[in-house]
Amino acid sequence: MKFPAPPAKHHSRAFWAGVGTLGALAATGALQAEHMRRITRDPEKEALEEIPRGRTQSVPSADGTALHVELFGPEDGDTVVLVHGWTEALLYWTYVIRGLEDRGLRVVAYDLRGHGDSAPAKTDYAIPRFGEDLEAVLAACVPEGRRAVVAGHSLGAMSIAAWAGEHDVERRVRAAALLNTGVGDLVAEHLILPIPGIAQALNRTIARHGFLGSRAPLPRFSTPLSYAAIHYIAFGPDASPAQVAFFERMLITCPPHVRADIGIAMSDMDLHEALPRLTVPTIVIAGARDKLTPPSHARRIADMLPNLRRLTVLENTGHMTPLERPDVIVDAVAELVTLTTERVAA
């Protein structure tokens, strides 16, 4: 019996290269499948898929940009206005909206310009425009003669500070919560690369050009690599797979030019002079593991506020406190409502 001759050497190399490629693809596919199973098995996935649906309204900002607004809870309840952060959307507040509704509060949440269902900016994405957007929402959605409690996360809190610098704060607002934010020097204090000695120089370059101002396309779906990067950068160690994936979906859908233009605006921002104008009772909350706006920002903000209620730094928590620690946020907002309860004149 004759056996076939062994393949020529170059054919052998091609054969084994093909086997290696198929093996790598199979391993990648297995990793992706296991990644998706981890998200699907997470008990938080079901809770995050039950998105609250509010009464919708369109509000024009000062430059004509149409803002998508949703209202939740009883019309006669105390009003809380929620302002989400960079690359997020109003549904980011899913846990918090449900918690505040359960407290009988009237909740107003809106998509920032260029995010979610709001229109792209008619003029620009400079930080003062976000202050103008908040003023438009307050004017349109808070009942005449009443004032709101405002809570902002990251860029949302920056929007509150920008608004306070240009408007009569106590005419519209009775208290504020500033969550995971800074008002300047964002690039200098990023902790994306904790490498002693070269961290500051690398962080400045990577934060401004490779992260905040990047227009690079993102994966169209969650992958093990993208998930790991987002978990590391934005979340604390206790965040669940579904919570990370929930934010990742918002990040993926944020247009690259919006993400980049706002990122550069934040890197150049300086709102320190606006903080003393935020004269209402204010709670500041930070995550001890926040790499984007480390607790040093929160401490500086707390020192500059004229009416600080308290500063809280949450252990084992990253940048995403409304997802990681929603009960803490709901309690803080409810505390501000109780502290500043107003009665409607008969």
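View 1. A cavity here is a set of grid points where a 1.4 Å probe fits but cannot get out. With that in mind, a search of this whole predicted structure turns up 2 cavities of 30 Å³ or more. The one to look at here is the second largest cavity, with a volume of about 30 Å³. Its lining is made up of I39, K45, L48, E49, A242, A245, F246 and R249. Helix 2 (44–49) and helix 10 (241–253) are the elements that each give two or more residues to this lining.

**View 2. Who lines the second largest cavity.** Helix 10 supplies the largest share of the lining, 4 residues. Sorted by class, the lining has 5 nonpolar and 3 charged residues, and no polar ones.

View 3. Eight strands run in the order 1-2-4-3-5-6-7-8, and the pairing is mixed. Strand 1 (55–60) and strand 8 (308–314) sit at the edges with a single partner strand each, so one side of each has no neighbour in the sheet. From one strand to the next, the twist averages 20°.

**View 4. Strands 7 and 8 up close.** Strand 7 (residues 282–287) pairs with strand 8 in the parallel sense, over 6 bridges. Look for V284, which stands opposite L311 of strand 8.

**View 5. Two helices packed on the sheet.** Helix 12 (residues 295–304) touches strand 6 (173–179), strand 7 and strand 8, and its direction makes about 170° with that of strand 8. Helix 14 (residues 326–339) packs on the sheet too, touching strand 3 (79–83), strand 5 (148–153), strand 6, strand 7 and strand 8. The direction of helix 14 makes about 170° with that of strand 7.

Notes. Residues are numbered from 1 along each chain as its sequence is written. This is a predicted model: local features need pLDDT of at least 70, side-chain atom pairs count only at pLDDT 80 or more; totals for chains, interfaces and linings use all residues. Side-chain values use heavy atoms; hydrogens and water are left out. On a 1 Å grid over the protein atoms alone, a cavity is a set of points where a 1.4 Å probe fits but cannot get out, and a pocket is an open set with protein on both sides within 12 Å along at least five of seven lines; lining residues have an atom within 4 Å of a point. Grid points are joined across faces, edges and corners, and a volume is the space filled by probe spheres set on the points. Ala, Val, Leu, Ile, Met, Phe, Trp, Tyr, Cys and Pro count as nonpolar, Asp, Glu, Lys and Arg as charged, and the others, Gly among them, as polar. Two strands pair if DSSP finds at least two bridges between them. Axes are lines fitted to C-alpha atoms, for helices over the stretch in contact, and angles run from 0 to 180 degrees between N-to-C directions. Contact means heavy atoms within 4.5 Å.
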